[in-house]
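I opened this notebook to record what I looked up in one structure. The entries follow the order in which I consulted the elements.

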Amino acid sequence: MHTGLDVSVDFAARSLAGTATIEVDRLASDAPLMLDVRDLEVRGVQVGTVGELRPLAEANVPWREATFTIDDAEFGQALSIDMPKGVDAVRIDYATAPTASGLQWLAPEQTADGTSPFLYTQSQAIHARSWIPCQDTPGVRSTFDAVVHVDGGLTALMAAEVVPSKEAGEFRFVMDQPIPSYLVAMAAGKVEFAELGPRSGVWAEPSVLAKAVSEFGNVEAMIDAVETLYGPYRWGRYDILVLPPAFPFGGMENPRLTFATPTILAGDRSLVALIAHELAHSWSGNLVTNASWGDLWLNEGFTVYVERRVMEALYGREREEMEAMLGKQDLEKELAELPAADQRLATDLVGRDPDDGLTNVPYEKGALLLRLLEETYGREAFDPFLQRWFTDHAFTSVRTADFEAFLKAELIEKHAPQAGKAPVDLEGWIHQPGMGPGAPSPHSDAFDVVDAALKSVLANEVPVNKLDTKGWTPHEWLHFLRALLESLTPEDMATFDQAFGLTGSTNSEILAQWLEVSVRRGYRETDDAVETFLLGVGRRKFLTPLYRAMMESGRQADAKRIYGKARGGYHPITQRTLDALVQDG
Ligand SMILES: [Zn+2]
């Protein structure tokens, strides 16, 4: 399948309009073509024969009008197009709705520089259909080419290779590697580029660029680290686009062009594991893709595992172990609340919005299973095995059963567990709820020191403001703050805040954790900071716990008031989560 996109960005109307041309492999000569759409205004559909004609966006063949129907379906509508004998392509003339769930239109004041509007897409999991008619499943892949028109001196970017264009306001792209619809991505705004390495760089608003360059200075070393472990990077360039703070996620692994939240720009590279994560997706996810969203752990669990290996290679085992411990804490906390059916690695999301599957289970439980396999069989056997998994399944979409079969044939039957190691209970890990049997225990000596410090504070052996935190990394602070949640009084927190200035922290992870502790412990001095944070940041990972803390601490009225002000600035994905939590709460 190949897709040609020719669209114009209209900031005033908050709409993309143009054509999508799709060349298909016809498997049944008389079957209609079924496409997913959501709230698209379909202005006309034509069919034709394009053969190998490329680029497809502007392919000039005799097009003829086609008959089509649009019927309501779960999660959008089904566009059914009659395909006469001999035709191999459809051209759909369409426009997106201002409410398209995959697009966020930002007013200038919602950007860092405040001068120009900004548009970006977020297609995962099933939002591509709200801006491109497509077969919106990770089980189908397409190559594509695109022309994007945008006025006002703004730059259009896509997660694709840039093709030079001579026209002002016209941007051309091509993606020769087949990708699923959830990885199609576009942005438009006032952004500038800076090089990071021979094949890597960063795009950001002008006022953010220098900070981004220094934060991401080790990206080239990260690429080298993954290549050493798992084989060559298959996508040409690796660039990062820093988005305005409304972006609902930490990052999105759009191929060749990671989309990232500015909340990872801590100034000390303490949060760059997120970049290691998005980069790792260039192997796990983008190259070898979950065929359905119920197999998400094949994307995310593998990616967290690879991310930790990269962090170990660049920063050493101690930092990796701290991050692994924090990850396991997140998982344990969530397992205590999730329904049993959502605690399995291989889940069944039929009839449900796949965005609901984005819990810590596919991420952290998945990564723990891979770590357990690594510990059981040793890196000597496990590393080449994983590399082969990526190489043998490159550019395909796979199911959990595919991995189970490959694992048995290529690792378990060829290697014995190392001395003293029991075989891994795969059934228990993949198909049963709860933490898997014999789960690995990441361990950080640095966290032992933090735990001892916390103990001495709680036993009143050391006053809270005399705590020796010299040399603590943000990870140690995070571990400390999480443990504090249960213990400190508001008076202690005031003393603590005075000593360590946590309300003024410029590290978003520490600030978000501190604010959550403050709300839960009734420390009201942070009220202004909470409101500022909720109004300024759109990252769901931070917003959800903070709003939840307010809802559960008798602060419902405040939560609803702030949400009322902030909601318009949040992404539709964030709105959907918070509507359920705050509005209906
Ligand atoms: Zn991921």
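The entries below concern strands, a helix pair and some backbone exceptions.

**Entry 1. Model.** I note at the outset that this is a predicted model.

I then followed β2 to another partner. Strand β8, residues 89–95, pairs with β2 over seven bridges, also in the antiparallel sense. Opposite Gly18 I found Tyr94 of β8. How many of the nine residues of β2 are buried? I found that eight are, and I therefore describe β2 (residues 15–23) as mostly covered, buried being under 20% relative accessible area.

**Entry 2. A five-stranded sheet.** I next traced an open sheet whose five strands follow the order β16-β17-β18-β20-β19, with mixed pairing. Which strands lie at the edges? They are β16 (192–197) and β19 (251–252), each of which pairs on one side only. For β19, I found two bridges to β20, residues 257–260, and the two strands run antiparallel. One of the bridge pairs sets Gly251 against Ala260 of β20.

I also looked up what packs on this sheet. Helix α3, residues 273–280, does so, touching β18 (238–242), β19 and β20. I noted an angle of about 130 degrees between the direction of α3 and that of β18.

**Entry 3. A helix pair.** I examined α11 together with α13 (residues 508–521); their axes come within 10 Å and cross at roughly 10 degrees. I therefore class α11 as roughly parallel to α13, since angles under 35 degrees count as such. From α11, the contact is made by Pro474, Trp477, Leu478, Leu481 and Arg482. From α13, Glu509, Ile510, Gln513, Trp514 and Val517 take part. By class, I recorded seven nonpolar residues, one polar residue and two charged residues in this contact.

**Entry 4. Backbone exceptions.** I kept in mind that most residues other than glycine have a negative phi, and that most peptide bonds are trans. I then looked for departures from this pattern.

Where is the cis bond that ends at Pro55? It runs from Arg54 to Pro55, with omega near -5 degrees. I placed Pro55 in the loop between β4 (41–48) and β5 (64–65). I found another cis peptide bond joining Gln124 and Ala125, with omega about 0 degrees. Ala125 belongs to the loop between β10 (118–121) and β11 (141–149).

Turning to phi, I recorded a positive value of about 60 degrees for Phe395, which is not a glycine. Phe395 sits in the loop between α7 (379–392) and β22 (396–398). Asn460 likewise has a positive phi, near 60 degrees, and is a residue other than glycine. I located Asn460 in the loop between α10 (445–458) and α11 (474–484).

Are these residues buried or exposed? Phe395 has a relative accessible area of 19% and is therefore buried, the cut-off being under 20%. Asn460, at 69%, is exposed, because its value is over 50%.

Technical notes. Residues numbered from 1 in each chain as written. Predicted model: local features only at pLDDT ≥ 70, side-chain atom pairs only at ≥ 80, totals over all residues. Heavy atoms only, no water. Pairing = 2+ DSSP bridges. Helix = DSSP H or I, 4+ residues; strand = E, 2+ residues; numbered from the N terminus. Contact = heavy atoms within 4.5 Å. Axes fitted to C-alpha atoms, helices over the stretch in contact; angles between N-to-C directions. Buried < 20%, exposed > 50% of the residue type's maximum accessible area, 1.4 Å probe, protein only. Parallel < 35°, antiparallel > 145°, perpendicular 65-115°, else oblique. Nonpolar A, V, L, I, M, F, W, Y, C, P; charged D, E, K, R; others polar.
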